[in-house]
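Q: Please take a close look at one part of this model, the place where the two chains meet, and describe it carefully.

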Number of protein chains: 2
Amino acid sequence: MLEAGFAARLGSLLPSDRFFTDPVDCYAYAYDNTRKIFPPDAVVFPVTALEVQAVVRLCIEYGTPLTPRGRGTGTSGGSLPEQGGVVLSLERMLRIVTVDPTNRVIVAEPGVINQSVQDAAKSHGFFWPPDPSSAGYSSIGGNLATSAGGPHAVKYGTTRDHVLGLKAVTGGGEIIRTGCYTTKGVVGYDLTRLLIGSEGTLAVITEATLKLTPLPQARGGITAHYRDLASCAAAIVQVMALPQTPSALEFLDSGSLDLIRSRYPDMLPAGARAMLMIEVDGAESYVPEACAAVIFACANEGLIQAEETADAAALWRARKTLSPLLRDIAPKKINEDVVVPVSALPEFLDGLARLSSKYEVANVNFGHAGNGNIHVNLLVDPALPDEMSRAATCLNEIFDLVINLNGTLSGEHGVGSEKRAYIGKEIDAATLTLMKQIKRVFDPNNILNPGKLFP
Amino acid sequence: MLEAGFAARLGSLLPSDRFFTDPVDCYAYAYDNTRKIFPPDAVVFPVTALEVQAVVRLCIEYGTPLTPRGRGTGTSGGSLPEQGGVVLSLERMLRIVTVDPTNRVIVAEPGVINQSVQDAAKSHGFFWPPDPSSAGYSSIGGNLATSAGGPHAVKYGTTRDHVLGLKAVTGGGEIIRTGCYTTKGVVGYDLTRLLIGSEGTLAVITEATLKLTPLPQARGGITAHYRDLASCAAAIVQVMALPQTPSALEFLDSGSLDLIRSRYPDMLPAGARAMLMIEVDGAESYVPEACAAVIFACANEGLIQAEETADAAALWRARKTLSPLLRDIAPKKINEDVVVPVSALPEFLDGLARLSSKYEVANVNFGHAGNGNIHVNLLVDPALPDEMSRAATCLNEIFDLVINLNGTLSGEHGVGSEKRAYIGKEIDAATLTLMKQIKRVFDPNNILNPGKLFP
């Protein structure tokens with residue numbers, strides 16, 4: 001419960017339709033894709049940086065936790081108000097401030113949906129490369145908070161590669177501007193990328209200058225089906241050795257293929273136990289030769305067939321259904337997004353099979369193999385404590401395997417609360433201490449998304 | 001002069017051939033491309049992170065300024081030991097630790113010359129995109145310190161876009177590791193990019209994991225000559241509106257062309273008062289169509305001729321001579337590397353001409369126009385105090401013009417000591433305060449390159 005004096009003053013900062021305290025209203029702001037529930041005591045909807053600043057400053061005065069939130073599509077708990085207090089929803093900061101095709105820039109507020117940015121860019125022949133699966137409903141503020149990526153990151157990189165500058169309100173209540181409006185700039189420290197991926201723990205981003213990329217003229221799709229996992233893993237390495245970097249290189253294991261078969265019975269060849277979905281893009285003249293090179297690189301003893309896809313859109317729709325379909329076959333999935341070097345994928349995928357067998361925990365694995373970014377899903381039933389315990393041990397060993405293979409614990413979902421306990425596996429004590437000190441510089445009163453990231 | 005006790009202990013950390021105190025030996029470490037001279041009291045040449053750490057810790061104990069240095073090719077004073085003390089030369093940390101083409105990675109120590117990285121990458125079909133003019137003799141440590149770029153940044157970005165992780169010793173004497181070995185990773189704050197471009201004020205980078213890019217199959221070059229500046233500036237905007245992003249788009253003004261004519265009398269058409277040098281790269285099949293698109297976009301009323309270049313290498317050699325040639329026509333050049341949005345280039349170049357005339361200070365301008373990054377050179381004689389004073393006022397107005405056009409004061413050279421006094425024009429007080437606090441977190445005793453960046 002909020003202190004009465006605080007609630008009254010908070011209410012005075014914003015019109016009543018942008019200030020919720022009724023638990024019923026607040027409940028929609030209690031959860032994200034982790035399915036954990038932390039109801040906030042209030043939700044505010046500022047629409048300007050000055051309003052954000054006023055809310056932050058009031059929270060400093062009262063020591064009230066303040067959790068910034070985009071559209072709540074995250075999977076790591078980054079937007080959950082774990083310690084109660086106020087949720088600061090950016091969803092009404094919806095202005096696309098500038099569309100400037102000459103300079104290849106869009107300036108947008110954080111509540112703008114990723115797809116809206118794409119729509120605004122497309123009419124001028126551009127796109128904004130970050131493409132999380134949630135692009136249709138996640139906001140660029142959330143994309144910035146997690147440095148979101150997606151299938152096209154293998155060629156285009158992630159959010160941090162496509163932002164020129166930010167406006168933000170720090171946890172200390174100061175309005176700052178980072179970066180610049182131009183594609184080059186080295187004046188002062190790079191606070192832009194420090195804020196990107198900081199999951200709302202340092203500052204509330206109120207405006208972003210997004211760098212646009214020309215739309216490719218053409219795209220081509222290839223599917224390759226394999227009799228066994230090892231052959232498929234080897235083919236990933238072969239494809240990534242090509243000078244023709246694919247614009248997407250998605251891997252699906254046998255569990256994933258079975259899920260797709262359950263929904264689309266005739267889509268996949270019998271006998272396929274692993275699959276690659278590959279996209280290339282570029283000039284009209286380039287795409288056919290790149291497709292041919294990819295198909296050639298896919299060939300090995302375990303290949304059933306590699307071919308250009310007649311209906312790439314149908315395949316991508318099938319790929320996108322995987323995450324929701326997992327909910328059909330198990331009460332709960334423990335969904336990770338670990339990354340290993342591409343060369344280590346064969347060993348890693350083999351290790352996953354071994355650990356699944358050792359701990360008797362079913363897993364389904366797919367993901368952005370061109371980056372070595374695999375979504376590992378452990379399928380469990382929370383009603384079975386023994387299974388849950390085995391899954392926890394299994395997960396811990398998966399993380400150790402990732403680190404031993406010189407990988408990272410998260411490629412795109414972030415740490416939030418879900419991976420907080422494991423961050424010490426990846427980041428040494430001295431570096432972690434430095435990060436915590438940076439947190440204190442930006443947020444000296446620890447009001448901004450307190451408790452996240454660090455154990 | 002160093003305190004005797006300090007000098008003795010410093011000497012005990014390293015063999016005698018890696019520890020200079022003789023002023024004659026130290027003198028080569030007193031200057032960079034600013035032509036300012038600050039002789040250090042000692043120069044050390046550590047070859048491991050532990051040795052760097054030991055030096056840093058000793059400097060903390062004695063409060064001795066420590067200035068990291070690559071190859072001293074910088075133009076902003078970033079590597080000058082302004083406050084005396086010790087220069088920490090990284091030039092003997094020369095190991096390429098890992099060449100890993102499968103994962104598109106090279107791990108290298110900071111003393112490795114940029115060209116050596118290119119050579120190691122090339123045999124595997126890759127390159128490392130940062131391409132400062134100094135690539136043949138500048139080190140990757142220096143490239144990292146300034147987030148160096150060059151002509152190809154218009155397509156490929158700058159140093160910060162091509163680094164996966166770092167190992168470094170902070171000003172506090174801690175060894176840290178940032179980033180990861182994979183192309184995706186969002187665990188913890190992005191300290192990698194915070195260190196890149198921080199000009200040795202936060203930490204000494206001792207190892208970098210560099211992300212490689214496949215070499216393009218083919219390249220094409222175009223030159224376009226214009227009767228007047230305004231037509232040329234308009235053409236830059238037209239070319240950058242193409243979906244075919246050039247891999248280089250260099251602008252040369254009439255002063256630059258006259259310099260080239262003085263050395264290569266027959267290279268340029270008579271009547272040309274401005275020129276573009278454009279490069280495209282990509283697949284064999286793509287390059288001719290991209291060249292055609294660029295030539296079409298170059299056309300306007302002021303165009304004399306746009307054509308594919310028979311001998312692109314000769315042209316690039318001519319372009320690279322510009323900076324040294326400027327030394328022939330004036331005792332001193334004040335060399336800037338400001339950036340404005342591409343759409344503002346016509347107004348900016350016009351403004352430069354106006355200010356040159358107003359203050360009677362000759363200027364020669366060329367640079368990476370595709371990024372809006374113009375090297376403005378004010379040609380002056382230090383023996384003429386009145387001219388120097390007019391130049392200082394002119395420069396100040398140029399910077400104001402850049403900021404008013406939504407540009408930045410440095411695209412690739414950095415702030416160092418040269419632009420320190422102007423940083424407040426671009427970065428507001430709250431953001432500057434935050435940067436200074438970050439400096440204190442990394443370097444609580446202010447021993448690392450003290451006095452740089454901030455006024």
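A: Between chain A and chain B, 29 residue pairs are in polar contact, both residues being at pLDDT 80 or more; a polar contact is a pair of N or O atoms within 3.5 Å, where within protein one must be able to donate a hydrogen and the other to accept it, and where residues adjacent in sequence count only if both atoms are side-chain atoms. This is a predicted model, in which local features need pLDDT of at least 70 and side-chain atom pairs count only at pLDDT 80 or more, while totals for chains, interfaces and linings use all residues. Residues are numbered from 1 along each chain as its sequence is written, chains are lettered from A and ligands numbered from 1 in the order in which they are written, and side-chain values use heavy atoms, with hydrogens and water left out.

On the side of chain A that touches chain B, at least two residues each come from strand E9 (175–179), helix H7 (191–195), helix H8 (229–240), helix H10 (286–298), helix H14 (423–426) and helix H15 (429–442) of chain A; helices (H or I, at least four residues) and strands (E, at least two) are DSSP runs, numbered from the N terminus. The most is given by H15(A), with nine residues. By residue type, this side of chain A divides into 34 nonpolar, 32 polar and 14 charged residues, where Ala, Val, Leu, Ile, Met, Phe, Trp, Tyr, Cys and Pro count as nonpolar, Asp, Glu, Lys and Arg as charged, and the others, Gly among them, as polar.

Counted by contact (heavy atoms within 4.5 Å), 80 residues of chain A and 80 residues of chain B take part. The area buried between chain A and chain B is about 6400 Å², and carbon and sulfur atoms give 61% of that area; buried area is the accessible area (1.4 Å probe) that two parts lose on being put together, summed over both. Within chain A, the residues that lose the most area to chain B are A:Lys184, A:Val186 and A:Tyr189, which together make up 16% of what that side buries.

A:Lys184 also forms a salt bridge with B:Glu412, in which the closest N and O atoms are 2.6 Å apart; a salt bridge is a side-chain nitrogen of Lys or Arg within 4 Å of a carboxyl oxygen of Asp or Glu. The count of salt bridges between chain A and chain B is four.
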